[in-house]
Amino acid sequence: MTMTRFAIPIAVFVALLALLGVGLKLDPREVPSPLIGKPAPHFELPQLHETSKTFTERDMRGKVWVLNVWASWCVSCREEHPVLLDLAASGAVPVYGLNYKDRREDGLKWLKGMGDPYKLSIFDFDGRVGIDYGVYGVPETYVIDKAGVIRYKRIGPLTPQIVKEKVLPLVRDLERA
Amino acid sequence: MPRLPALLLFAFLAAPVAAKEAVPAAADPVLEKRVIALSEELRCLVCQNQTLAESNAPLAEDLRNQVREKMRAGKSEREVVEFLVERYGDFVLYRPPLKATTILLWFGPFLLLALGFAVLLRRVRRRRQGTDAEINDADRKRAAELLAGSEPR
């Protein structure tokens with residue numbers, strides 16, 4: 001009798017503890033993106049280095065590529081930057097940048113000082129394209145396939161581990177397709 | 001005396017001016033009301049426990065501007081909400097839609113309440129049955145002694 005009497009509350013308590021434990025591990029900032037599996041929203045924006053030229057996601061049809069949203073005012077971007085430089089240097093996948101709600105001079109200075117991992121960056125001064133891509137926490141990274149469909153989105157900085165375990169295997173799979 | 005009528009005239013002219021409320025920032029107060037009403041239903045993604053209406057985050061401001069622009073272009077509340085859900089997911093809604101992934105969210109509390117009642121009912125019932133059965137003759141005798149005031153040492 002006494003065994004079952006305590007067993008049930010203890011079981012309930014342990015279950016609750018486990019539930020809360022899982023809850024602690026979840027990041028409420030990681031909102032599942034509804035954009036995964038959908039075509040990348042259309043944009044046509046001036047390039048950061050040469051504002052007279054534009055770039056659109058349509059230029060990338062037939063290629064697997066990575067779009068990284070960054071800004072010079074973004075603190076975690078600094079943390080992420082070496083990871084992007086490594087990814088770009090590996091030549092595994094072309095990386096394009098979207099300079100989000102930044103001042104052009106600041107963006108250019110940032111790339112000059114820290115190195116430029118991007119084939120090119122586009123300049124989204126008013127953040128409209130950012131909204132179309134559901135950006136809310138810079139940096140964000142998208143992997144887009146040959147058909148122009150978003151296959152992966154990372155909110156927050158890329159880490160070497162994420163690149164190795166998520167991004168690169170996905171890129172390899174998409175390249176084969 | 002021409003001064004008094006003139007003064008009165010000014011007083012009457014001034015009255016409606018003074019009664020007017022502060023001019024709203026937006027050109028169209030009806031539109032602005034709709035924008036605010038809808039923004040109160042939407043979650044700001046940067047500061048997640050604030051609504052889009054009350055947040056000062058730059059993104060919230062941008063999103064409010066988008067809402068305003070879309071409404072000005074004649075879009076309905078529903079179309080604007082769809083626009084945001086397409087980009088940010090159901091998470092932007094303070095009242096999430098009822099679907100397979102949100103069933104637990106909607107009915108979980110009621111489930112817990114029902115479970116609580118079931119446990120309570122069971123315990124009460126068991127206790128009632130238990131107390132009647134456990135009294136025996138020895139207990140009755142002891143009770144009689146206690147009532148008589150002769151506590152056995």
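Mentor: The lining of the largest pocket divides into five nonpolar, one polar and five charged residues. This is a predicted model, where local features need pLDDT of at least 70, side-chain atom pairs count only at pLDDT 80 or more, and totals for chains, interfaces and linings use all residues. Residues are numbered from 1 along each chain, chains are lettered from A, and side-chain values use heavy atoms.

Trainee: Which residues lie closest to the centre of the largest pocket?

Mentor: About 540 Å³ of space lies in the pocket, and of its 11 lining residues the closest to the centre are Arg5(A), Ile8(A), Arg122(B), Arg123(B) and Arg126(B). A lining residue has an atom within 4 Å of a pocket point. Arg counts as charged and Ile as nonpolar.

Trainee: Which helices each supply at least two residues of the lining of the largest pocket?

Mentor: Helix 1 (2–25) of chain A and helix 5 (103–133) of chain B do; a helix is a DSSP run of H or I with at least four residues.

Trainee: What lines the second largest pocket?

Mentor: Its lining holds 16 residues, with Pro32(A), Gly89(B), Asp90(B), Phe91(B) and Thr102(B) nearest the centre. They divide into nine nonpolar, four polar and three charged, and the volume is about 350 Å³.

Trainee: Why is Ile103(B) called partly exposed?

Mentor: Its relative accessibility is 44%; buried means under 20% and exposed over 50%, so this value falls in between.

How values were computed. On a 1 Å grid over the protein atoms alone, a cavity is a set of points where a 1.4 Å probe fits but cannot get out, and a pocket is an open set with protein on both sides within 12 Å along at least five of seven lines; lining residues have an atom within 4 Å of a point. Grid points are joined across faces, edges and corners, and a volume is the space filled by probe spheres set on the points. Buried means under 20% relative accessible area, exposed over 50%, partly exposed in between (1.4 Å probe, protein chains only).
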